[in-house]
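Colleague: I would like a close look at one part of this model. Please take me through it step by step.

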Amino acid sequence: MNRNRTTQHTGRGGPLADRIALVAGATRGAGRALAVELGRAGATVYVTGRTTREHTSEVGRTTETIEETAELVTAAGGTGIAVPTDHLDEDRVRALVERIDREQGRLDILVNDLWGGEHLLVGSVFGKKSWETPLADGLRILELGVRSHVITAALALPLLVRSDAPLLVEVTDGTAVSNRRYRENLYYDLAKNAPIRIAFGLGEELAEYGGTAVAVTPGFLRSEQMLAHFGVSEENWRDAIAQEPGFAIAESPHYLARAVAALATDPDRATRWNRKSTSSAELARTYDVRDVDGSRPDAWAYFEDITHGGKKGSADDYR
């Protein structure tokens, strides 16, 4: 199919008005914000996930749905299209890609923000040796954090390479530098390092198409789930610092999302970022982006210097 054919998107202007994006895992958190900020830049954004207004995934949160995400994308200035998809189901992912092909003829931006394993961490992962982690839970973590990414990339990349400048964004937890430290449990360590290697490997394969594959990470994320864990909201999130002092360096999901949207408009992104691992803070410095409160937090530098390095200082020094 000719990648230059007329598409059916209805974006209302902006630097990404002619771009077609898929944010896989856009129900909540960074994925939702990424979809919204790509929409704010004018993109047509297909948003996927397992929680809809009729069905709740194993995450167990009914308060965020992909339909709501799509509505937020459209309200921001783009075109949001919700497609319920379990990215571990090859047939569902194949049908999703075929729909984008049928409706748009190409895909320009693929964001792999698939996870949904937080509910497994407290009881089965953190504070446990790998052999103390129930095997079924450990393998589920690898399915959610690795296999879903591989399935989605394998089935979507043939459409992505029709773009004149393909962009694959792998969202994970930690950079290649920070993740040289063991991430406490084997299953979690594998799940959060794999997207970095996926971006590195697929960056090699996309290079001949003028493409970019990059792994990105937020810092200490003020996701809906994390705010609920501390019993606070985005409006009073600082109240949680009394429970967890490190939360003082927390950032909103829109910090990473704004930075990725800026990267997506960068004509030199392949030279700058292909095959690399980066953070919200590094991208924010590069593209002069700030968080919703006007700050520019660098959680990974804070963790390296203060938490692990024992240096004197506070989170304010890293905002």
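Is helix α1 mostly covered or mostly open, and how many of its 12 residues are buried?

Modeller: A caution before the details: this is a predicted model. Helix α1 is mostly covered, with 11 of its 12 residues buried. Buried here means under 20% relative accessible area. The buried residues are Gly-29, Ala-30, Gly-31, Arg-32, Ala-33, Leu-34, Ala-35, Val-36, Glu-37, Leu-38 and Gly-39. Note that Arg-32 and Glu-37 are on that list.

α1 covers residues 29-40. The expected span is 1.5 Å times one less than the number of residues. Just after α1 comes Gly-42, with a positive phi of about 105°.

β1 takes residues 20-24 and β2 takes residues 44-49. The two pair in the parallel sense, over 5 bridges. One of the bridge pairs is Ile-20 with Thr-44 of β2.

In general, strands of a sheet pair through backbone hydrogen bonds, either parallel or antiparallel.

β1 pairs with β4 over 4 bridges, in the parallel sense. Here Leu-22 has Leu-110 of β4 as its bridge partner. β4 spans residues 109-112. Ile-109 and Val-111 point one way from this strand, while Leu-110 and Asn-112 point the other way. All of these residues are buried.

β4 is then joined to β5 by 4 bridges, and these strands run parallel. Asn-112 stands opposite Glu-170 in β5. Glu-170 also links onward: its bridge partner in β6 is Ala-215. β5 and β6 pair over 5 bridges, in the parallel sense.

β6 covers residues 212-217. With 6 of its 6 residues buried, the strand is largely enclosed by the rest of the structure. Thr-212, Val-214 and Val-216 point one way from β6. Ala-213, Ala-215 and Thr-217 point the other way.

Phe-200 is in helix α6. Phe-200 and Ala-215 are 15 residues apart in sequence, with their C-alpha atoms 8.0 Å apart in space. Ala-215 is buried, whereas Phe-200 counts as partly exposed, at 30% relative accessibility.

Last, the surface. Tyr-182 sits in the loop between β5 (167-171) and α6 (186-206). Tyr-182 has a relative accessible area of 54%, so the residue counts as exposed. With Leu-186 and Leu-190, Tyr-182 forms a nonpolar patch on the surface. Together the three have about 290 Å² of accessible area.

Definitions and conventions. Residues are numbered from 1 along each chain as its sequence is written. This is a predicted model: local features need pLDDT of at least 70, side-chain atom pairs count only at pLDDT 80 or more; totals for chains, interfaces and linings use all residues. Side-chain values use heavy atoms; hydrogens and water are left out. Two strands pair if DSSP finds at least two bridges between them. Patches are made of residues with over 30% relative accessible area and no salt bridge: like charges are joined within 9 Å, nonpolar side chains (Val, Leu, Ile, Met, Phe, Trp, Tyr) within 5 Å. Accessible areas come from the Shrake-Rupley method with a 1.4 Å probe; for residues, only the protein chains shown count as cover. A salt bridge is a side-chain nitrogen of Lys or Arg within 4 Å of a carboxyl oxygen of Asp or Glu. Buried means under 20% relative accessible area, exposed over 50%, partly exposed in between (1.4 Å probe, protein chains only).
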